[in-house]
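Please keep the viewer open as you read.

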Number of protein chains: 2
Amino acid sequence: MHFDLSQLENFTKNILIKIGCSEKDASTAAKVLLAADLRGVDSHGVARLSGYVRLWEANRINVRPDIRITHETPSTAVVDGDGGLGLVVAPFAMKVAMGKANIAGTGWVSVRNSNHYGIAGIHAMEALKQDMIGISLTNASPLVSPTFSKERLLGTNPISVAIPAGNQPPFVLDMATTTAANGKLEILQRKQKEAPLGWIQDKEGRPSSSPFAVKEGGALLPLGGDREHGSQKGYGLGAVVDIFSAVLSGANYGPWVPPFVAFLEPHPHPVGEGLGHFFGAIRVDAFRPADEFKSHMDNWIKRFREAEPVAGQEKVLIPGDPERELETERRQQGIPLLEPVVEDLKNLGDRLGVDWVQK
Amino acid sequence: MHFDLSQLENFTKNILIKIGCSEKDASTAAKVLLAADLRGVDSHGVARLSGYVRLWEANRINVRPDIRITHETPSTAVVDGDGGLGLVVAPFAMKVAMGKANIAGTGWVSVRNSNHYGIAGIHAMEALKQDMIGISLTNASPLVSPTFSKERLLGTNPISVAIPAGNQPPFVLDMATTTAANGKLEILQRKQKEAPLGWIQDKEGRPSSSPFAVKEGGALLPLGGDREHGSQKGYGLGAVVDIFSAVLSGANYGPWVPPFVAFLEPHPHPVGEGLGHFFGAIRVDAFRPADEFKSHMDNWIKRFREAEPVAGQEKVLIPGDPERELETERRQQGIPLLEPVVEDLKNLGDRLGVDWVQK
């Protein structure tokens, strides 16, 4: 089933207004949330809307937050999200980073007291509008075991870096620091297929190929999968994301990060406030003239895209290519939603008195 | 065979003075080079000294560089290394980054016209001395194939992030963006052992377990190993390192990066000057009081180190633990060097009239 982007955005906005968000915040949040669907990260899009509402029902989201800067220097700031939706806090913080970059060359903002912010990439991409490189990091509910750990101590802690180009479309890396994202497991669960080794471990910490292992107390594995394949690097990157997002800002880190699902209680002894993000904005002309930079980026992108592919593959991709192709397709053909997601959204609409979209 | 650190440093310094470096530069370079041996990255240490000398003999290193800032904003600078040793250019650039951070909260320096700079970590760790987070990136000779590419377009492009703690030793991530570093292949070559799948591909782009495959025209693989295990992420990270180091500064990038080995000619049509690095310095008190930050870092480190390990493993490590343990050991017992490395260094000493160390 395919749905029109603007109708889904409108539905999302109306739901958020119903729970008490301002019109402006609801509109921002809906755009950010639907960006995930548009770019093919279906697990982080409108499918999560009822999850956010349940968090609000559990008094874990402040729909009228006073988001503010609590500390700053010429190139840095700490933002307190006041328990608001990450979907609203993140755009505020990214704007602060870009404002700093305009004056100091770069801007770096660490955020505490926030909630899940959708896909990392959409925030990094904001910077592209002003010829800046954008960086977006966030910590997340602990589902990942560091190398050699039986315990889950990290989230899928994504890294996004968006870099402007000239005639070429921009370079947009948006990656979880795990081998595979949770969304991919859900697909395997539905298809009753096995996961490749290196994605997950079971609750005893043994390598597992069951897509249900994480649900049963196991864990996602850091990028690399095992020590022999460099999982200590994926773990290290996820750790850096956690520290930049939360230890710099005063948010919860590691196993203390509050879970996204409302049926799991937050840690009884938090070490900080809410969850944390980290944003960076780098004016490219703080290094060299923007035109020069962009023409070399075009050259970089062309050279890599035109590289000779291995047998059986059509071409070498540039980070961001697959998502951009999906976005073009979905803008034309609509957003595909699975039956259970549609049912869940309809129920949510019924419950809150918001009309579901017309087919 | 074990050798005394200060004797090896002295030998290195004397060699560098012989080829024309100033006493000060030779001393800096020797410290940086030997830091690799001290921390267990034997492939990047004194074993490379004769490689640097051969580059100088090929007129590809300027031993009396005029290293200078060519552009700056409050939080950024571009440094031109004037073809100098990366071992000297990098400490200069890191100092500039830290100076910027002292005033603007953070400092970011992109470097062109440099050469190989030893291990990434040693430059990032400079920041720790001033309660700063240090970041160090560099591009390198193309030996890595992006996901789906038959061609080698990237270097092992390392990422290092050093984060200060309080009572705990600092967090020091220092990782190549490949599954395995070239040094590990050399070990397998000597032992005539196979490499795990996911480390390398042969010259046709097929997965290979031969440790000789890279020498025979194959390539190292990005962290992740293959698409199913997320190699597009390792490729994306290596690409970001390349772009920050070289497209921002005006150095060569991708397949244009000059090779470290003197017997391979640089690309006949370079797209920039020399190779590139990128450094960052972040004052932790640009975000929150340093004591507060460091006590939470201590808590972070303790929690992760005390995590329950999987069966068969003693404990969960913190990035930097293995290198620090080796450093302690080697400071006491000396630096182990392989027979062929010792022979090579003795020959170098003979050739340039520098006394080899006393045993």
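Predicted model: local features only at pLDDT ≥ 70, side-chain atom pairs only at ≥ 80, totals over all residues.

Residues are numbered from 1 along each chain as its sequence is written, chains are lettered from A and ligands numbered from 1 in the order in which they are written, and side-chain values use heavy atoms, with hydrogens and water left out.

The expected span in the table is 1.5 Å times one less than the number of residues.

| Helix | Length | First to last C-alpha | Expected span |
|---|---|---|---|
| α1(A) | 14 residues | 20 Å | 20 Å |
| α2(A) | 16 residues | 22 Å | 22 Å |

Helix α1(A) covers residues 5–18. Its buried residues are A:Leu5, A:Leu8, A:Phe11, A:Thr12, A:Lys13, A:Ile15 and A:Leu16, where buried means under 20% relative accessible area, exposed over 50%, and partly exposed in between (1.4 Å probe, protein chains only). The cover over these residues includes β1, α2, α3, α9, β12 and α10 of chain A. Just past the end of α1(A), A:Gly20 has a positive phi of about 120°.

In α2(A), the buried set includes A:Ala26, A:Ala29, A:Ala30, A:Leu33 and A:Leu34. Among the elements that cover the buried residues of α2(A) are α1, α4 and α5 of chain A.

The axes of α1(A) and α2(A) come within 8 Å and cross at roughly 135°; axes are lines fitted to C-alpha atoms, for helices over the stretch in contact, and angles run from 0 to 180 degrees between N-to-C directions. The two are therefore oblique to each other, given that angles under 35 degrees count as roughly parallel, over 145 as roughly antiparallel, 65 to 115 as roughly perpendicular and the rest as oblique. The contact (heavy atoms within 4.5 Å) involves residues including A:Leu8, A:Thr12 and A:Leu16 of α1(A) and A:Ala26, A:Ala30 and A:Leu33 of α2(A).

Helix α8 (residues 290–305) of chain A meets helix α7 (residues 231–247) of chain B, with axes that come within 11 Å and cross at roughly 145°. This crossing is right-handed. On the α8(A) side the contact is made by A:Phe293, A:His296, A:Met297, A:Trp300 and A:Phe304, and on the α7(B) side by B:Tyr235, B:Ala239, B:Asp242, B:Ile243 and B:Val247.

**Strands in both chains**

Why is β6(A) (residues 159–163) described as largely enclosed by the rest of the structure? The reason is that 5 of its 5 residues are buried. In a regular strand the side chains alternate between the two faces of the sheet. In β6(A), A:Ile159, A:Val161 and A:Ile163 are buried on one side, and A:Ser160 and A:Ala162 on the other.

Strand β6(A) pairs with β5 (residues 132–138) of chain A in the antiparallel sense over 4 bridges; two strands pair if DSSP finds at least two bridges between them. In that pairing A:Ser136 stands opposite A:Ser160. Another 5 bridges join β6(A) to the antiparallel strand β7(A) (residues 171–175), where A:Phe171 is the bridge partner of A:Ile163.

In chain B, an open sheet of 7 strands runs in the order β2-β3-β4-β11-β5-β6-β7, with mixed pairing. Strands β2 and β7 of chain B stand at the edges with a single partner strand each, so one side of each has no neighbour in the sheet. Neighbouring strands of this sheet are turned by 10° against each other on average, direction ignored. Within the sheet, β5(B) and β11(B) pair in the antiparallel sense over 7 bridges, and B:Ser136 stands opposite B:Phe279.

**Two loop residues with positive phi**

A:Phe148, a residue other than glycine, has a positive phi near 75°. It sits in the loop between β5 and β6 of chain A, and at 21% relative accessibility counts as partly exposed. B:Asn59 has a positive phi near 60° and lies in the loop between α3 and β2 of chain B. At 72% relative accessibility, B:Asn59 counts as exposed.

How values were computed: Left-handed = near helix turned anticlockwise from the far one by under 90°.
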